Number of protein chains: 2
Amino acid sequence: MKVAVLGTGSVGQSLSAKLASLGHEVKMGTRDVAASRERKGVDNFGQPLVGEWLSSPAAKKVQLTTFLEATKGADLVVLATLGQIAHDVLASCGQHLDGKVILDITNPLDFSKGFPPTLSVCNTASLGEQLQAAFPKARFVKSLNTLSNPVMVKPDLVPGDHNVFVSGNDETAKQQVKALLESFGWKAASIIDVGDITTARATEMLLPLWVRLFGAWKTPMFNFAVRRA
Amino acid sequence: MKVAVLGTGSVGQSLSAKLASLGHEVKMGTRDVAASRERKGVDNFGQPLVGEWLSSPAAKKVQLTTFLEATKGADLVVLATLGQIAHDVLASCGQHLDGKVILDITNPLDFSKGFPPTLSVCNTASLGEQLQAAFPKARFVKSLNTLSNPVMVKPDLVPGDHNVFVSGNDETAKQQVKALLESFGWKAASIIDVGDITTARATEMLLPLWVRLFGAWKTPMFNFAVRRA
């Protein structure tokens, strides 16, 4: 299918590469294509910047274009930007979001006061809910926001059973996202449907623990699980 | 050792019974001893109210007394009240908390607007931090607040590896709590020391997901785990 991946950071790169490897037609959306192409070198975590990444084998079949062009005609939109710009990015796509499934991987992390970040919205609302309310014709599914990007697309990087959560109001959209997750290697039994989009509060509120464990362990190679009796 | 368990609900009952079965001298604290003894029958979850529970075999060696009397001379204090009354309960113990380790199981759950509850404090603070700041001579260790009370004292009720978190400023106090958890059946490797008391924000913020999963699955018999690569 035709997939728009919005965001050129490490999450966007991982998702784009995986989707392309699965045979999907991937357009990676960015604000300024020429500026993105110029971004060479690596980020603070040693991940390639998008201009660097585009010349890697993994990116060979990924087309870089604007947010608007990426979403035009897309069958699925993957929202992989920083939480703080998610609303503006989606707004720049005009009517091309209407009716579409948006796999929303964002978190409302606020690093303005350093580490650990706080959440810019939580408890009585969530970024997932705010975006669904702002773009009511799109069908948001919050998922993959509770784990690091290498594990998102290759769950067996973390051994044993662990989980990914799904929140959204539209059952058909959730089914489509679950099928996509299974194509990434997630077992159906490992995908926990938490409920409607208000449950994005609960999964976004996992991030403070994720961030603390990352701080304590100095590695993002872990994931949450829920064990049932 | 002499343990004060503050709170007479199902968490206080489970902890008191387990501690007594391990040979500790347990005093269960309550606001009004006579009124507590009169509380017969069961709660909304079918758990016995404290007056009923006191006549069960599990409670045979547990002495019901006031919060103040329970903490007088205690080696360890277990805080197992509702979050909303935790401060007042501790204040009623006077100077008997000074220097003591407080195993704080509370969560700042606010059910005033129904289900699901919100948190009355989160993100930039936590109940754990507020209590530590209000009673600076006590040594708070937030733990066991992310799972249901049967599993707290019998972790193998949930199969497989799963975790309990520990947060606190005092390393000696955390070691004491970890040893206690091990005596309950927790493996040392299953106890995750998240860091200082500010990390209580992260574990208290797990509750919204706990509550949503409880709502979806209609059972409290599950627990969180973290899988590492």
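Mentor: If we leave aside its neighbours within four places in sequence, Thr199(B) is in contact with Arg212(A), Ser167(B) and Val194(B), where contact means heavy atoms within 4.5 Å. This is a predicted model, in which local features need pLDDT of at least 70 and side-chain atom pairs count only at pLDDT 80 or more, while totals for chains, interfaces and linings use all residues. Residues are numbered from 1 along each chain as its sequence is written, chains are lettered from A and ligands numbered from 1 in the order in which they are written, and side-chain values use heavy atoms, with hydrogens and water left out.

Trainee: OK, and where does Thr199(B) lie in chain B?

Mentor: Thr199(B) belongs to the loop that runs between β10 (191-195) and α9 (200-204) of chain B; helices (H or I, at least four residues) and strands (E, at least two) are DSSP runs, numbered from the N terminus.

Trainee: Buried or exposed, that Thr199(B)?

Mentor: Thr199(B) counts as buried, at 1% relative accessibility; the cut-offs are under 20% relative accessible area for buried, over 50% for exposed and partly exposed in between, with a 1.4 Å probe and protein chains only.

Trainee: Switching to rings, how many aromatic pairs are there over all chains?

Mentor: A search of the whole structure finds ten aromatic pairs. Rings of Phe, Tyr and Trp (its six-membered ring) pair if their centres lie within 6.5 Å, and planes under 30 degrees apart count as stacked, over 60 as edge-to-face and the rest as tilted. Take Trp217(A) and Phe222(A), which are edge-to-face because their planes stand at 90°, with the ring centres 5.4 Å apart; both of these residues are buried. Trp210(B) and Phe214(B), by contrast, form a stacked pair, with 10° between the planes and 5.4 Å centre to centre.

Trainee: And how far apart in the helix are Trp210(B) and Phe214(B)?

Mentor: Trp210(B) and Phe214(B) are four residues apart in helix α10 (residues 207-217) of chain B, and so are separated by about one helical turn. Trp210(B) is buried, at a relative accessible area of 13%, whereas Phe214(B) is partly exposed, at 21%.

Trainee: Which residues do ring pairs link into a cluster?

Mentor: The cluster linked by ring pairs consists of Phe45(A), Trp210(A), Phe214(A), Trp217(A), Phe222(A) and Phe224(A). Trp217(A) also has Arg228(B) over its face, 4.0 Å from the ring centre, and Arg228(A) lies over the face of Trp217(B), again at 4.0 Å; a charge sits over a ring if NZ of Lys or CZ of Arg is within 6 Å of the ring centre and within 35 degrees of the ring normal.

Trainee: How many bridges join β11(A) to strand β11 of chain B?

Mentor: Seven bridges join β11(A) to strand β11 (residues 222-228) of chain B, and the two run antiparallel; strands pair if DSSP finds at least two bridges between them. Within this pairing, Arg227(A) stands opposite Asn223(B). Strand β11 of chain A is largely enclosed by the rest of the structure, because six of its seven residues are buried.

Trainee: Last topic, then: how many salt bridges over all chains?

Mentor: The count comes to 20, a salt bridge being a side-chain nitrogen of Lys or Arg within 4 Å of a carboxyl oxygen of Asp or Glu. One of them joins Lys142(B) to Glu204(B), whose closest N and O atoms are 2.8 Å apart. Lys142(B) lies in strand β8 (residues 139-143) and Glu204(B) in helix α9 of chain B, so this pair ties together parts that are 62 residues apart in sequence. Lys142(B) is buried at 1% relative accessibility, and Glu204(B) is likewise buried, at 1%.

Trainee: What about Asp156(B), which Lys does that one bridge to?

Mentor: Asp156(B) forms a salt bridge with Lys154(B), at 3.4 Å between the closest N and O atoms; here Asp156(B) is exposed, at 59%, and Lys154(B) partly exposed, at 43%.
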